[in-house]
Amino acid sequence: MSSQIDHLLTENRRFAPSPEFAANAIGTAELYAQADADREAFWAEQARSLHWHTPFTEVLDWSNPPFAQWFTDGELNVAYNCLDRHVEAGNGDRVALLWEGEPGDERRITYAELTDEVKRAANVLEGLGVGHGDRVAIYMPMIPEAVAAMLAVARIGAIHSVIFGGFSADSLRSRIDDAGAKVVITADGGYRKGRVSPLKPAVDQALGDRGAGPQETVEHVLVVKRTGNEVSWDDDRDIWWHDAVPAASADHEARPFPAENPLFILYTSGTTGKPKGILHTSGGYLTQAAFTNKVVHDIHPESDVFWCTADIGWITGHSYVTYGPLANGATQVLYEGTPDTPHPGRWWELVEKYRVTILYTAPTAIRSFMKLGRAIPKKFDLSSLRLLGSVGEPINPEAWMWYRKIIGNKTAPIVDTWWQTETGAIMVSALPGVTETKPGSAQVPLPGIAIDVVDDDGNRVGNGNGGLLVITKPWPSMLRGIWGDPERFVETYWEKFQKQGYYFAGDGARLDEDGDVWFLGRVDDVMNVSGHRLSTTEIESALVGNEAVAEAAVVGASDETTGQAVVSFVIIKESYLAAHDPEGLAAQLRSWVGEQIGAIARPRDVYIVGELPKTRSGKIMRRLLRDVAEGREVGDTTTLADTAVMSIISAQVK
Ligand code: PRX
């Protein structure tokens with residue numbers, strides 16, 4: 001890793017925006033000066049570009065850290081800001097969503113139409129007894145109703161919890177239970193990789209026989225018909241969207257809610273087996289989502305076609321599919337399927353067809369396109385693209401250069417954006433019209449954002465050195481807590497640098513000689529696979545939940561395409577081996593993890609071993625397993641209880 005980092009830090013290519021880009025860019029150098037002069041006044045000004053039913057008089061209340069309150073005496077309606085106000089301003093005919101299904105079906109939905117649909121859906125939810133503060137789980141494919149569902153929940157002051165459609169029934173169930181959801185909004189299925197991927201059956205399974213589990217909180221399931229696959233039906237509980245929503249009234253008043261009204265819970269992996277429900281609220285979140293989308297993605301709503309390829313099941317889909325672009329009144333592409341179905345040029349075909357001007361995607365996607373070769377994108381007209389973005393993991397300079405040359409026609413600036421589910425919106429990124437970009441570095445904090453790189457004791461490391469990334473001042477879209485677990489919130493993010501009052505992000509970072517930030521990956525037991533966060537412990541608990549497994553250790557090993565890959569080492573129970581043939585067991589365990597958590601968590605490799613490397617106190621030394629998984633010489637083993645273990649494991653893995 002360190003030679004790789006040294007290599008990265010010698011990167012000296014710089015790319016300034018073209019004078020034309022700079023002249024038309026929304027984000028200017030003055031923003032930094034304004035924010036430096038008065039940070040709170042700066043954020044207040046950004047917040048005022050939203051519509052407030054009741055204007056706020058206080059910007060930030062930080063009297064009880066780490067529990068921040070932004071714009072606390074103001075009142076707004078998030079959905080009104082994303083919909084009605086654009087219609088009222090005369091932009092109802094502007095296209096909000098240019099949707100395309102994986103099989104090629106299309107829908108163009110204007111702001112007026114989306115507003116209408118959301119009002120009807122809000123009436124349906126209220127009719128089902130959903131009110132202020134209630135939780136609604138959303139488990140949907142990438143179809144317009146998914147965005148409408150989120151906004152309908154927001155409109156009535158309820159709280160959504162979107163669960164990625166690739167998660168299993170078990171994952172769905174634990175998230176529904178943790179939040180105590182009253183309603184689930186789903187679809188019969190979605191199209192993925194040319195097939196129907198069923199969703200309603202997973203909801204049925206999650207809500208099925210609960211055994212000794214907690215009491216069921218879900219009263220109704222609202223189902224969009226997308227794929228027409230056979231689904232079972234509970235007449236008392238299940239409602240078709242197409243029966244209820246079109247029949248509901250399109251009159252619905254957007255009532256004001258306090259700025260700190262919870263907007264959503266989004267579960268993400270931490271260092272323990274249990275995912276954390278990250279809680280975001282309304283005014284501060286929407287302010288920063290809209291502002292960053294405007295200045296980092298340089299959205300000109302009258303002329304741009306934005307495409308963020310993230311699923312709404314992740315924070316990127318919340319902030320840069322639903323809330324940011326719609327708050328800005330932008331036109332965006334929404335695509336249901338996978339990048340390579342029905343052909344490997346599918347994305348580029350969409351860019352050409354919809355004349356996409358701004359593309360925001362993940363390095364893992366760029367690397368898989370790189371692998372397929374430039375001939376595929378070169379078949380399409382990508383000349384509409386004027387700005388490219390990257391998110392989710394460090395982008396290696398080769399991928400950055402390929403993105404620039406092959407997709408960006410050597411002219412489009414690239415913004416590498418660092419942030420997290422917890423930060424709610426982009427924190428570190430170039431401003432495309434201002435910053436000279438550097439391949440591989442996320443570079444600088446945005447105006448109004450204060451970060452640093454510090455050592456373990458919280459001391460600044462200074463330029464040229466590495467350490468831990470911290471956020472030193474509260475920011476509007478910061479998480480307000482972990483659902484139902486305030487202690488874990490304090491412990492996870494604030495205890496480490498309690499003295500300084502810094503937020504600990506969990507990322508390693510380095511400052512180069514210019515003071516630009518280079519992200520170096522997680523410093524905890526969180527893996528990053530294709531830009532998705534996975535916890536080693538969560539996958540280990542899934543593995544030991546299998547009848548064959550006695551013990552398991554999981555590591556994230558570097559992988560050319562996915563950044564990191566899940567590699568697991570398992571010890572099989574003697575009793576199991578006595579009665580079963582171990583042939584095919586590794587494959588069975590891979591699919592087991594898929595069923596327990598979801599396909600994204602399926603290990604790339606499952607190695608069956610006789611022992612695991614442990615310290616004398618019994619802690620698994622994952623560092624040594626990572627060496628094996630990455631095919632390296634195994635590091636220092638002196639602290640192991642049994643120093644011979646690693647050579648046995650290495651031999652078994654080969
Ligand atoms: O390790 C960092 C990495 O992704 C983590 C956050 O994951 P998640 O909450 O799922 O949100 C992903 C989308 C915002 C971070 O702790 N990460 C995200 N963006 C970058 C990154 N690492 C390096 N460079 C980035 N641009």
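This is a predicted model: local features need pLDDT of at least 70, side-chain atom pairs count only at pLDDT 80 or more; totals for chains, interfaces and linings use all residues.

Tutor: Residues are numbered from 1 along each chain as its sequence is written, and side-chain values use heavy atoms, with hydrogens and water left out.

Student: Which residues form the negative surface patch?

Tutor: Asp 38, Glu 40, Glu 58 and Asp 73. Patch residues have over 30% relative accessible area and no salt bridge, with like charges joined within 9 Å; a salt bridge is a side-chain nitrogen of Lys or Arg within 4 Å of a carboxyl oxygen of Asp or Glu.

Student: Where does Asp 73 lie?

Tutor: In the loop between β2 (69-70) and β3 (75-76); strands are DSSP runs of E, at least two residues. Asp 73 has a relative accessible area of 34%, so it counts as partly exposed (buried is under 20%, exposed over 50%, partly exposed in between, with a 1.4 Å probe and protein chains only).

Student: Switching to Ser 535: buried or exposed?

Tutor: Buried, because its relative accessibility is 0%. Ser 535 sits in strand β27 (residues 532-535).

Student: What lies 2.9 Å from a polar atom of its side chain?

Tutor: The backbone nitrogen of Glu 538. The backbone oxygen of Gly 270 lies 3.4 Å from a polar atom of the Ser 535 side chain.

Student: And Asp 605, which strand is that in?

Tutor: Strand β30 (residues 605-608). Asp 605 is buried, at 18% relative accessible area.

Notes: Patches are made of residues with over 30% relative accessible area and no salt bridge: like charges are joined within 9 Å, nonpolar side chains (Val, Leu, Ile, Met, Phe, Trp, Tyr) within 5 Å. Accessible areas come from the Shrake-Rupley method with a 1.4 Å probe; for residues, only the protein chains shown count as cover. Lys and Arg count as positive and Asp and Glu as negative; His and the chain ends are not counted. The place of a charge is taken as NZ of Lys, CZ of Arg, CG of Asp or CD of Glu. Helices (H or I, at least four residues) and strands (E, at least two) are DSSP runs, numbered from the N terminus. A polar contact is a pair of N or O atoms within 3.5 Å; within protein, one must be able to donate a hydrogen and the other to accept it, and residues adjacent in sequence count only if both atoms are side-chain atoms.
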